[in-house]
Amino acid sequence: MSWKLTDRLAEKINHYSSFPATGVSLRQMVQFGQRPNPGTLFRGAQFLGEELPIRLAHRVKELNNLPDGLSEMPSIQKVRNWYAQSFEELIELPRPKIPPQLRELLIKAQRRDTNGEHYGQKLLENTENPSLAGEDYREITPQKKKSINSRRYFVLVDDDISWSPEIHEYNKLFTKCLSVIKKRHDPVVTTVAQGISEYKHSRQRMQIDSTIQSFLDRFYMSRIGIRMLIGQHIAINEQPSTDNYVGVICTKTNVRELAQEAIDNARFICQDYYGLYTSPQVQLVCKPDLNFMYVPGHLSHMLFETLKNSLRAVVELHGPDADNFPPVKLIVAEGNEDITIKISDEGGGIPRSAIPLVWTYMYTTVETMPSLDPDFNKSDFKAPMAGFGYGLPLSRLYARYFGGDLKLISMEGYGTDVYLHLNRLSSTSEPLP
Ligand code: ADP
Ligand code: MG
């Protein structure tokens with residue numbers, strides 16, 4: 001089935017892309033998703049129904065305007081069409097049939113909502129009530145914002161609309177639509193990487209320049225945000241929140257357990273890749289009861305990627321036939337502001353001149369790149385041992401997404417220290433490109 005980007009749709013995309021995205025913090029997501037009733041879930045759907053098209057529209061526009069002919073690469077066009085198609089599905093989703101008395105209530109709630117605090121509403125195109133079209137929540141003055149005890153108000157609204165079967169139906173329909181979109185976008189990272197290869201090939205370039213590098217940073221950061229919002233909405237609709245989980249967020253993420261799991265996985269992959277009898281040891285120093293609010297999936301990803309890099313450096317420096325390897329150390333420190341994880345190896349480090357390169361996408365010292373088959377590992381992008389050159393730059397984006405950072409310090413001739421700073425205040429809003 002071939003899908004086409006029509007002029008009419010392009011116009012709509014243009015319109016939506018004139019609105020800025022609204023950032024949501026980890027804390028807001030948790031507050032919103034705790035014990036949601038159908039009314040709360042419905043308001044979440046309303047928020048995403050406007051926020052996601054805005055974010056997708058920005059990406060379509062950017063994918064259309066890349067420098068040096070990059071936009072024309074077949075894989076980039078493919079990705080552009082996925083974004084446009086998802087945009088279309090969201091804005092064309094039939095609006096819920098809401099009984100008049102509830103509609104009134106919801107419109108009032110939309111008016112009261114402030115910037116993203118309660119998954120804010122932007123009344124872009126209220127087709128049911130044309131008089132509100134174009135009204136913007138940002139027009140609410142700060143004084144007005146203060147006078148509203150919003151949280152209580154929303155609990156009341158949510159309770160009132162919860163019993164409506166129409167609301168219930170719509171929640172199901174919207175969640176289904178998000179699942180389809182999420183699945184469509186699974187192979188985006190590999191497909192964009194493919195697009196960059198096509199570009200390098202056609203232009204005979206060895207490295208990408210800084211405009212393309214910053215495009216990729218923005219693009220992947222935005223993808224992390226979109227997937228977080230979608231994943232969170234699907235999760236709070238499909239699984240009731242348990243003691244420690246609100247959607248995909250764990251309010252008591254145990255660092256030690258996750259680190260141990262990442263160590264086991266990375267060592268297993270390493271052993272398998274190099275055909276070792278046993279891969280280098282990893283010493284773990286971490287308080288057993290160190291818990292904080294985070295998305296375990298993100299933390300696992302960052303730990304796994306940095307550990308694989310360290311194991312690889314150690315094995316390659318000493319040779320796979322070495323009798324023994326110096327251990328990698330993973331040390332976790334708990335501060336008031338940050339939880340910092342240091343991964344230290346004695347893998348010989350990186351020459352100082354190559355440090356800027358390790359942050360560029362597709363920079364790798366692996367000689368033959370593994371196949372970039374977009375069907376490979378559909379659920380999410382995970383390089384086997386190494387070779388895509390995405391491990392470090394993507395991990396740094398994950399760290400920054402929730403207000404943290406990832407730093408790398410190398411001592412050429414000895415080894416590398418990677419510092420993973422994770423912000424534990426969790427109130428920073430998403431960085432929006
Ligand atoms: P990949 O592992 O797929 O090559 P990464 O982004 O994870 O991509 O790393 C990029 C490059 O940085 C690696 O190919 C390697 O040359 C270098 N590198 C990363 N971590 C280390 C480390 N701990 N020690 C030495 N070199 C490293
Ligand atoms: Mg790597």
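Colleague: How far is a nitrogen atom of ligand 1 from an N or O atom in the side chain of Thr 416?
Modeller: In this predicted model, the distance between that nitrogen atom of ligand 1 and an N or O atom in the Thr 416 side chain is 3.3 Å. The protein covers 94% of the 540 Å² of accessible area that ligand 1 has on its own.

Colleague: And which residue has a polar backbone atom 3.1 Å from an oxygen atom of ligand 1?
Modeller: That residue is Phe 388, whose polar backbone atom lies 3.1 Å from an oxygen atom of the ligand. Asp 345 contributes through its side chain, where a polar atom lies 2.8 Å from a nitrogen atom of ligand 1.

Colleague: Which of the 20 residues around ligand 1 come nearest?
Modeller: Asp 345 is one of them, and the others that come nearest are Thr 364, Thr 365, Gly 387 and Gly 389.

Colleague: How do the residues of that shell divide into nonpolar, polar and charged?
Modeller: Nine residues of the shell around ligand 1 are nonpolar, nine are polar and two are charged.

Colleague: Which helices each supply at least two residues of the shell?
Modeller: Helix H12, which spans 296–318, and helix H14, which spans 391–401, each supply at least two. Of everything that contributes to the shell, H12 gives the most, with four residues.

Colleague: Changing topic, in what order do the three strands of the open sheet come?
Modeller: The order is E1-E2-E4, and the pairing is antiparallel. Strand E1 (245–246) and strand E4 (291–294) are the edge strands, since each of these pairs on one side only.

Colleague: How many bridges join E2 to E4?
Modeller: Three bridges join strand E2, residues 249–254, to E4, and these two strands run antiparallel. As an example of the pairing, Asn 254 has Asn 291 in E4 as its bridge partner.

Colleague: What about the backbone, where does Met 362 sit and what is its phi?
Modeller: Met 362 is found in the loop between helix H13 (355–358) and H14, and its phi is positive, about 70°, although Met 362 is not a glycine. Most residues other than glycine have a negative phi.

Colleague: Is Met 362 buried or exposed?
Modeller: Met 362 has a relative accessible area of 9%, so it counts as buried, the cut-off for that being under 20%.

Colleague: And Arg 35, buried or exposed?
Modeller: Arg 35 counts as exposed, because its relative accessibility is 70%. Arg 35 lies in the loop between helix H2 (26–33) and helix H3 (38–64), and has a positive phi near 40°.

Terms used:
Residues numbered from 1 in each chain as written. Chains lettered and ligands numbered in written order. Predicted model: local features only at pLDDT ≥ 70, side-chain atom pairs only at ≥ 80, totals over all residues. Heavy atoms only, no water. Pairing = 2+ DSSP bridges. Near = heavy atom within 4 Å. Polar contact = N/O pair within 3.5 Å; in protein donor to acceptor, adjacent residues only side chain to side chain. Areas by Shrake-Rupley, 256 points an atom, 1.4 Å probe, with all protein chains shown as cover. Nonpolar A, V, L, I, M, F, W, Y, C, P; charged D, E, K, R; others polar. Buried < 20%, exposed > 50% of the residue type's maximum accessible area, 1.4 Å probe, protein only.
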